[in-house]
Amino acid sequence: MSETAAMARDEAGAIGPGRLVLVVGPSGAGKDTLLRLAQAACSDDPNIVFPRRIVTRASSADEDNVAVSPDEFRRSREHGGFAVHWEAHGHAYALPRDINDDIRAGRAVVANVSRTVIAALRRAYANVVVVAITAPPEVLAQRLAARARQSDGNISERLSRSVDEASAQADVTIVNAGSAEYHSRQLVRVIKGEGWQE
């Protein structure tokens, strides 16, 4: 699996003053569900942005991405259209370059990314908060089996990826094993910089 981060720092250093809130975690943890609920809760706040990822896979009901072909992705990458890009599970992913403008304007940008790009993003942006969303292994297995998306590949391989690395790099960890509404409220508090526990 090839995973690469590519981004440009401002001449003066890391991009800021806004915050980049990175949501990471294993497949089946419920990241997209919590992000969708958090986005709805923040819909009236113009200072919180949820960019759509660019992915070489079709969108689904749970994942609102911009679907592109591998050739389109490559062309955009070569022309500097991405703030960051990576590959995972046979697909290419990216965040659009215009998130840099949002962060320079002081907004909070919230995105689901691979844990492999965390270190590079911490170097490129001045104010990064990493939120690890996870769940017990049996819950992850049930969710992946219920999703039954062929492009996800082998479920046991997905579960064998270590989630400890993401948690070790995280500023906040949410164990998403209860109510999605409750855990999405935790995520919203992190996004707004209010702490995360009730």
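Is alanine 38 buried or exposed? Let's start there, everyone. Alanine 38 is buried, with a relative accessible area of 0%. By buried I mean under 20% relative accessible area, with exposed being over 50% and partly exposed in between, using a 1.4 Å probe and protein chains only.

Before going on, a word on what we are looking at. This is a predicted model, where local features need pLDDT of at least 70, side-chain atom pairs count only at pLDDT 80 or more, and totals for chains, interfaces and linings use all residues. Residues are numbered from 1 along each chain as its sequence is written, and side-chain values use heavy atoms, with hydrogens and water left out.

Back to alanine 38, then. This residue sits in helix H1, residues 31-41. Leaving aside residues up to four places away in sequence, alanine 38 touches Phe50, Ser184, Leu187, Val188 and Ile191, where contact means heavy atoms within 4.5 Å. Valine 110 is 72 residues from alanine 38 along the chain, and their C-alpha atoms are separated by 9.7 Å.

Now the whole chain. There are eight helices and nine strands. Of the 198 residues, 44% are buried. Among contacts with a separation of 6 or more, 70% are between residues 24 or more positions apart. The accessible surface comes to about 9,600 Å², and carbon and sulfur atoms hold 48% of it; these areas come from the Shrake-Rupley method with a 1.4 Å probe, and for residues only the protein chains shown count as cover.

On to the interior. In soluble globular proteins, nonpolar side chains tend to be buried together. I call something a nonpolar core when buried Ala, Val, Leu, Ile, Met, Phe, Trp, Tyr and Cys residues are joined through side-chain atoms within 4.5 Å. The largest one here has 26 residues, and Leu20, Trp86, Val113, Leu121 and Tyr125 have the most contacts inside it. Which elements each supply at least two residues of this core? They are strands S1 (19-24), S5 (82-88), S6 (91-96), S7 (108-112) and S8 (128-134), together with helices H3 (99-104) and H4 (118-124). S5 gives the largest share, four residues. Apart from this core lies another, of 23 residues, and Val21, Ala135, Val139 and Leu187 are among its members. You will remember Leu187 as one of the residues that alanine 38 touches.

Another buried residue to look at is leucine 144, at 3% relative accessibility. Leucine 144 belongs to helix H5, residues 137-147.

Next, the aromatics. A pair of aromatic rings is described by the distance of the centres and the angle of the planes. My rule takes rings of Phe, Tyr and Trp (its six-membered ring) with centres within 6.5 Å; planes under 30 degrees apart count as stacked, over 60 as edge-to-face, and the rest as tilted. How many aromatic pairs does the whole structure hold? The search finds two. Phenylalanine 73 and phenylalanine 82 have ring centres 4.7 Å apart and planes at 40°, so that pair is tilted. Both of these phenylalanines are buried. For tryptophan 86 and tyrosine 93, the centres are 5.7 Å apart and the planes at 0°, so this pair is stacked. Tryptophan 86 and tyrosine 93 are buried too.

Last topic: salt bridges, meaning a side-chain nitrogen of Lys or Arg within 4 Å of a carboxyl oxygen of Asp or Glu. The count is five. In helix H2 (residues 70-78), arginine 74 and aspartate 71 lie three residues apart, about one turn of the helix, and their closest N and O atoms are 3.8 Å apart. Arginine 74 is partly exposed at 31%, and aspartate 71 is partly exposed at 43%. Asp71, Arg74 and Glu78 are linked in a salt-bridge network.

Aspartate 102 and arginine 107 meet at 2.9 Å, N to O. Here aspartate 102 is buried at 15%, whereas arginine 107 is partly exposed at 26%.

Finally, arginine 122 and aspartate 171 form a salt bridge at 3.2 Å, N to O. Arginine 122 is in helix H4 and aspartate 171 in the loop between helix H7 (164-169) and strand S9 (172-175), so the pair ties together parts 49 residues apart in sequence.
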